[in-house]
Structure formats: structure tokens, C-alpha cells
Amino acid sequence: MGQSSPPALPRVLIVEDDPILMIALVEFVENSGCEPVEASTIVEAIQILETRTDIRTVFTDLDMRGSTAGMELALLIRDRWPPIELLMISSRPWDEAQIPSRGVVLGKPFDRRKIEATLRRFAA
Amino acid sequence: MTGFVVCAKGTNNLYPMVSSSVPPLVLDPQRLAALDGFDILDTPAEEGFDDLVNLAALACGVPVALVSLVDRDRQWFKARVGFPPCETDLNSSVCKFVLAEPDILQVPDLLADPRTAANPLVTGEPFIRFYAGAPLRTQDGITIGSLCVIDQQPRPEGLTPAQQDALRRAARQVMTQLDMRRAIQQRDALRVDETGAFRAREALRDTQAALAIVDGDLPAALRHVVTGAMRAIPAAEGGVVELLDGAQLVYHTPAGTLAPHAGLRLSLTDSLAGHCATTRTPQRMDDALTNPHVRRDLCDQLKLRSAIAVPVLRGDTVLGVLKLQSSQVAAFTDADLALLGLFAGATTASLAESEARAQTRSQAIYWRGLFDRLSEGFMIGEVVRDTAGQITDWQFVEVNPAWGTLLGLEPATAIGRSVRDVIPGVEEEWISEFAQVVETGEAITFVREVQTLRRWYEGRAFKLDGDRFGTIFLDVTQRVGAELRRNALLQLGDGLRDLTTTADMTRAAAEIVGRTLGATRAGFGRIIGDVEEIDVEPDWTAPGQVSIAGRHRFDAYGDLRTPLRQGEPLAINDVTTDPRTAADPAALQAIGVGALVNMPVRERGRAVAMFIVHDVHPRVWTAEELGFLRNVADRLEAGVARVRAEELQGVLNHELAHRLKNTLAIVQSIASSTLRNVTEREPVEAFERRVLALSRAHDVLMHKSWTAAKMRHVMESVLAMQADMDRFALDGPDLDISPQAALSLSLLLHELATNALKYGALSARTGKVRIAWRTEEGKAPTLVLDWSESGGPAVTPPSNRGGFGSKLIRMGLVGTRVADLRYDPVGLQAEFRAPLADVQVQVH
């Protein structure tokens, strides 16, 4: 977590419990000109959100232990921190109606173009 | 008066025959016939004649006057005065001389006349001396005798003219008397004839009436005939019918003088009756003693002298002979014989009629018996019409015992009642169809239910006379029920195969079962706990019945759990009498349950659910119906198991897809971080996107459990990754393609689109790609796929041929390497071919 560079890049909280996937997600965020903030559990993610105010976007995997955890987090964020943008990735089919407003869900495997385009849009 | 003495002919020999001269006229046959015609001889004295002889004697002043009729050998006095004998022989006759006289014959002195001088009455007592006789002349001029006056004194002067005139007039009066008498006699004889004819007719009519009611009773018929014939023909002293028996005739029902001889057997050759039977002709016999056909020794025994006999026929055969007899010679006339023939004819007719009647009756009994024994129901109905003549109903005229059995009704109670009355709620078709039969006269065949009886009948209805019709039918409830159940099972099989959720299946099964069994409710419920409660899913109900969907506790409805816990069906025919529910049937009745079946659906031997069938009325659940329900439950069990397995398979498929995609993401991630230090990012991204394209194909395949994919779906899925779909025009049949073909097509299109995006049509804003595919028939049907770009920059063949993408494209569809690439100035034109068999999947 870098706190050194003075020109503040848009910060993206990445929530991912798989370390290998985390590497890819971090790369997407960095390629999008954002600064990744990593959380490997929901609890950690919530703690970060409660303690920091600079998170503009949450980028979360919906496929985490406890199958519905990712979606619950997304709903919680929309509820408690409405301005935060939500990008979700999932290996399962999703129900559009369940997705929090302004949220975007993209499938696995990754479509780098769409992911990075979305992150840039949220950061803008 | 002396005139009342009757003298019998030939009994008085006062006057010995003297063969003196007899005038020839005496024996003139015409004269004698005329005399006989008056039928006067030897009849009693009559006042009319007596008066005339008295007047004649008085007028002529003589003591004796006679009406003397000259017979062939005597003279007989019909009336006389002063002369006691009623006749004399012709020797003593003076009157015989009058026969030749035209007028009065006077003999003044009999002693002096040579014709009479020797007359015994002149020479002896009573010494007559004077005679005057006026001829008794018929209207034909034949003299039959004289009216004479006699004196014992000679009278030379004879009668005065006045006396002669008186004598003539008196003689004419005698003739008038005779004529009158004869007329009266003839009239009386006619009356006798008429009486006889009347009696004969009466007897014949009575006999016919009697024959009409004996009805085939032969002895009775013969007795009536014999007695009737004897009444009609009074001359008969005895009568009999002799029945033919082989070569003999046997006496049946003898009457009168023959009465003692019942059973007498005579040879056909021994009797008049035998002759009659043999010749079949009526016979009249005047004297048995001279008849060649009669055994003499029998005549006395049978008191037989004369007889008449006629044959009695039955059809064409001689049955016997009707005979009447008398002990007198020639007692019968031809008229009697003809009359007897009428009696024989009546007998023949009666026998024929009673035989026909007996045959009819035996036929009627036969048919009636058949009708009664028939296992088919048979009935005769008569339609009922309203005032406009429209048929509105029909009533029972006749039904057979099987009718009662087949309908479960007492036959006697139906007769004369309307069908609507006998079977309340009977279907309209039972009236309209039979009405049509009566109206059109065309027979119909029917298979129809009487729902209130819960029975199906198959039969035929046909018109009888007038407004009547008949039907003959069978109860086909079992057969129809079996058909319905079989069809229901087929229908259920189809339904279960096509339905994909257990809820749909149970609902479909409930409806089929409810309708098939004619129940009022059918449903499916999942058993909770140890058969404590049940969750009833949305059920099927007949109109007017409430749904019982929802949770129910078994104990609230009686003692129902025991069989169900053992996995056994529970069938209750009547909730008010079944020991398990009779104590308090109100709870069941409140939800419209009069009878019920709970058929468990088992899973691994345990009842996990059950099929529920209710009927608002008590009913007997047949073994067939329970078997059907068992079958339904088993099929449902199998169907549910299949759906469960498919659902599970679906879950597994999704989980597998999820893991595959996650793994591909991890592969992407590893590759990306492994190649972190590669400065050229393009190959890395190309790799990522190829993985992505592969994944898209898998996505499409997963929809059909990796067995097949829709070709268009595969294309859209992979192309959408690259550009908006409006840049592409897809044109071709939507084939089901194999997983291999789907993966191959995905990667091929991915590379083509990638190139088009980089260098081809899609690199320009207005460029488009048309993708068309078709199948070509032939020895080996082929799929032909055309990729044609337009609207992009002018293209040239790529300089390097070694890239992975180029290789993929040259591999073509499913590795056939049949790829024709033409770099037209307007854009790339590519054609790929592959055997259809390698691409397509036969989906069943």
C-alpha cells in the first residue's frame, strides 16, 4: 500500500480471496491508472471502508468462500457507502435484477478490455 | 162320432179280398201319386170332413154318406156317417166306379145294376140299395175318390137336381179341404225343416265356439264335435270320432248308442269309417246289412243300421272319421251328410288353428325365455312427446332381468315410468339419441356412461313400430375404465417425460387421475415427519369442490397413519362407516370427502409423499382403480426421480462451468503475471482473448449439458466479444452442432474477427462482416460457411504466415483444412467446408 506519491490516484479496493487472481486484478487496476487497495476477506474490506474515505471504486470477486459473500458485500456497500462504484466479476450466471444500481458485473475468464474500460470510467 | 176311429192299414180283415173287376183307373200311377200327395190315408178323422158328410147325408135324405178315397187295394174313408167301418176292400167298393165318371154316378138300385149286384155290401149287411157319388177331382182333373151318399132303399127317381147340386158342391168342398190340409201340412213340414236347419246352425256355431277355446286339447275338441253333430242331426242315435292309428281306427269320445264302446279298435277294411278314411270321401249308408264295407257281426253289437261318415283332416293327413249312426234304416239324408261335413271341417280348422296357436305360443315362450335368459340388457322404450310433438323423454315399456342387473335397478319398478324419473340426472344424450332413432328409423351404436350409476354401457338402439324403440346393451364399465386408465397412464407417461419440475408433474398427474377415476378431487402431498403431517400441493378439483392445498395433520381426520407408515395404501369406501374414520367423519365431510384413497409414493421404500383421491360420495374403490393409482404413484416416483437427477446434473454442470471459468481466469492470471516482464503486451492480450473465446464456447455448450450447441448462439457469443453485433450479418440455418464443432467454430470466428478488427472491415467505422452458412446435399452432406468482409480498407494477404491465428484459420472448421481465403480489394472473402456429419448433432 503506497502512501508516498503525492498526486493521489483514484483508489480501488480489490476484494479477492484467491491470491493468484488477486495478482491479475491488481494489474487491471494499475493498468487503469488507479491505485489498488487489497482486501482478501469481506471483513477486511469492510474495515478498510470504515476507516478510509478515499475509496472510489470497489472491485470484488463474487466467487468467494461462502458463495453469496461477494454479492452481500456489494449490497452492503451500496447501502452504507452509496457513492462508491461497484465492479464485480463472477464465474456464475448472475441475475441482473439483484445487481446494485450502477454496479457492473463481468464474467470470468477475464475480458481485460472491458474490465479496464470500466475501471477507467469509474475513476474518471 | 164314429169318425174318430182310426183304422190301421191292413189290420182289419173284415173284408176278404175279392178279385172281381177292378177298373184300370184304380191302379193308374198318376192317380195313386196324386192320392199319395195328399198324405191323407190312415189319418185321424177331421171335423171339416165330418161336417161335409153330415151335410151331404142331410141334403140327400139318406142315412149314410162317406168321403171315400180309392187306394190301390182298398177304399179308405176320411169321413163317414151311418157306416161304421173306416175302409173296405175294393170288392165292396162302388166308389171305384166313380173314378171314370165325369159327374155324379147314380145307381138307383144297386141290386139291379150288374156292376154292384154281387157287391157284398148289397147282398149282405148292411144291404145297401141306393148309391150316388160325386167325384173327388183334383185341380189336375184326377179323381181320387168320391163323396157318396147311400140308402138302404132303392131310389128309382134318383136324387133331385137340387140334391145333386148339393152333393157336387159338397164334393168340391171336400177337395178344398184336402187342398188346404195339404197346404198346411207342407207349411208345417217346411217349419220343421227350418227348425232343423236352425238347430243345426246353432249346434255348429256352439261347436265352433267350443273348439275355439279347447286350444289344442284334442279329446275335448272331438267331444265337442261329436255332441254338436248329434244335436244338429237328431236322427243320430250314436256318434263317434274314430281316430286313425296305423291300419286301425280307434273309437274316441263316443256318444249316444256308441258311448259304451270307447277304445274300440276296428280294421280300416271292416267298417264304413274305414272306407271313408281310405277314400277321404263322405259316406252315407242306408242299410248296414247290405253294405259291403261293414262287418255284419258288429251291426247288432253297435246298434248300427244306417250311418253317415266324413273324414277329419289335419292339414293334408287324415286324422280320423266323424261318424253318426242310427238303428233305423236310411235315417240320414244327404243334407245330414253335408252338415256332418261342416262339423268335420270345423274340427280340421280348429286343429289347424290350435296348432298354429300352440306354435306361436311356444315361439313366444321361446323368445320370452331367451329374452329373460339374455345376459345382455334388453329394453323396449316409448318416446314421450310434448304438445308440439317434440320428443322430450321416453318411458320403459319392457325390460328383461339382465337390464335390472346391469343397471342395479329392480325391473318391475321401471315399467311405465320415464327414464328421467327412473334414473335421476341421466345424461341428455340418453334421450336425444334414442329420440333420433325413433325419428329417423336408423339404428345407432352407443358407448356412453350413466354417470350417476358410474357405469358405461355399449349397445345398439333400433326403432320398433310407432314411437317405440328397443335397445340391447352390455355393461362395459370395466372395459371402458381399463381403457381410460390405460390412456391415462399413457398420457401421464407423456406428461411426466415432458415436464421438468416435480410441481408440474404432480399437478398433471393429479388432474389425469381425478378425471380418469371420475373423482371429485385429486392431489399430491409431501409427507412430513413420521407421517404426522402432509403438505398438499395445489390440487385438481371437480367443479364446486374446494382445494385442500396446504398443510394438514393426519390425526385431525381419523386414524389414517398406520398403513401409510408401512408404505401401504389407505382406501376408505365410506368415511361414515369405515372404522378408521366413522367415529368423527365431520372433518373429512367438511372438505367434501365421502370416500378416499391415499396412495403412498415411496422413496427408498419409505413413504415420502402420497397421492390423494377424494370422492364427495361414498364409493367402492375397485382393485383395478387401486392398481391404477399404484401405477400412477410408481410412475410419478420414477418421474420425480428423473427430474431430481436432472436437477442434480444441472447443479453439477453449473458448478463445473463455474470451476472451469474460474480456472481459466486463474490461467489468465498466471500467464499475465508470468509474462509481466514481456514488453510487447499484444501477444499476452491475444492469449487472454483466445482463452476468453474458448470459454464463451463452453458457456454456450453448458446450456445443453455439453452435448450440443445452437450454431447461431455460438457465433453471437464469440463475436459479441469483439464488436457490436450490428457489425455482423448472420444468415443460415440454426443447426445443433457438436461440442467439438462449437469450440472449433468459436476459435475460428474469434481469429477472423480479431483480424477484421485489426486490419479488415471492422477496423473501419462502416465496415461489416456477413457470415452465411448452408448445407450442401450430396454423397457426403457438407456445411459451407462463408465469411465476407466489406466496407473496410483494401486488404492484402498477410506477409507472415506463421502466427497462431493464421494457423487456426487455415485449420478451418473441425480441422478439415478446407479453407479458401481470397483477399479481395473490398475485403476478405473466406469459405470453409466441413462434412455435415462432423459438425451436426442429431438431437432426439
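**Interface, helix packing and cores in the predicted model**

In this predicted model, the contact between the chains draws 18 residues from chain B and 14 residues from chain A. On the side of chain B that touches chain A, helix 17 and helix 18 are the elements that give two or more residues. Helix 17 of chain B supplies the largest share of that side, 12 residues. Sorted by class, the side of chain B that touches chain A consists of 7 nonpolar, 8 polar and 3 charged residues.

The two helices also pack against each other within chain B. The axes of helix 17 (residues 623-674) and helix 18 (residues 682-702) of chain B come within 10 Å, with a crossing angle of roughly 175 degrees. Because angles over 145 degrees count as roughly antiparallel, helix 17 of chain B is roughly antiparallel to helix 18 of chain B. From helix 17 of chain B, the residues in this contact are Asn653(B), Ala657(B), Leu660(B), Lys661(B), Leu664(B), Val667(B), Gln668(B), Ala671(B) and Ser672(B). They meet Val684(B), Phe687(B), Glu688(B), Val691(B), Ser695(B), His698(B) and Met702(B) in helix 18 of chain B. By class, the contact of helix 17 with helix 18 of chain B comprises 9 nonpolar, 5 polar and 2 charged residues.

The largest nonpolar core contains 52 residues, and the most contacts inside it belong to Val53(B), Ala56(B), Ala65(B), Leu147(B), Val149(B) and Leu167(B). At least two residues of this core come from each of helix 2 (47-60), strand 1 (64-70), strand 2 (74-81), strand 4 (105-107), helix 3 (120-123), strand 5 (130-137), strand 6 (143-151) and helix 4 (161-214) of chain B. Helix 2 of chain B gives the most, with 7 residues. Leaving aside residues up to four places away in sequence, Ala65(B) touches Val53(B), Ala56(B), Ala57(B), Val81(B), Cys148(B) and Val149(B). A second, separate core has 47 residues, including Ala232(B), Ala236(B), Leu302(B) and Ile308(B).

In chain A, an unreviewed UniProt entry places the feature "modified residue: 4-aspartylphosphate" at Asp61(A). Asp61(A) is part of strand 3 (residues 55-61) of chain A. Asp61(A) counts as buried because 23 C-beta neighbours lie inside 10 Å, the cut-off for burial being 20 or more. Residues up to four places away in sequence not being counted, Asp61(A) touches Val15(A), Glu16(A), Leu21(A), Gly70(A) and Ile89(A).

Note on methods. Residues numbered from 1 in each chain as written. Chains lettered and ligands numbered in written order. Predicted model: local features only at pLDDT ≥ 70, side-chain atom pairs only at ≥ 80, totals over all residues. Axes fitted to C-alpha atoms, helices over the stretch in contact; angles between N-to-C directions. Helix = DSSP H or I, 4+ residues; strand = E, 2+ residues; numbered from the N terminus. Parallel < 35°, antiparallel > 145°, perpendicular 65-115°, else oblique. Contact = placed C-beta atoms within 7 Å. Nonpolar A, V, L, I, M, F, W, Y, C, P; charged D, E, K, R; others polar. Core = buried A, V, L, I, M, F, W, Y, C linked by C-beta atoms within 7 Å. Buried ≥ 20, exposed ≤ 12 C-beta atoms within 10 Å, placed from the backbone. UniProt positions renumbered as here; feature names shortened; annotations may be inferred.
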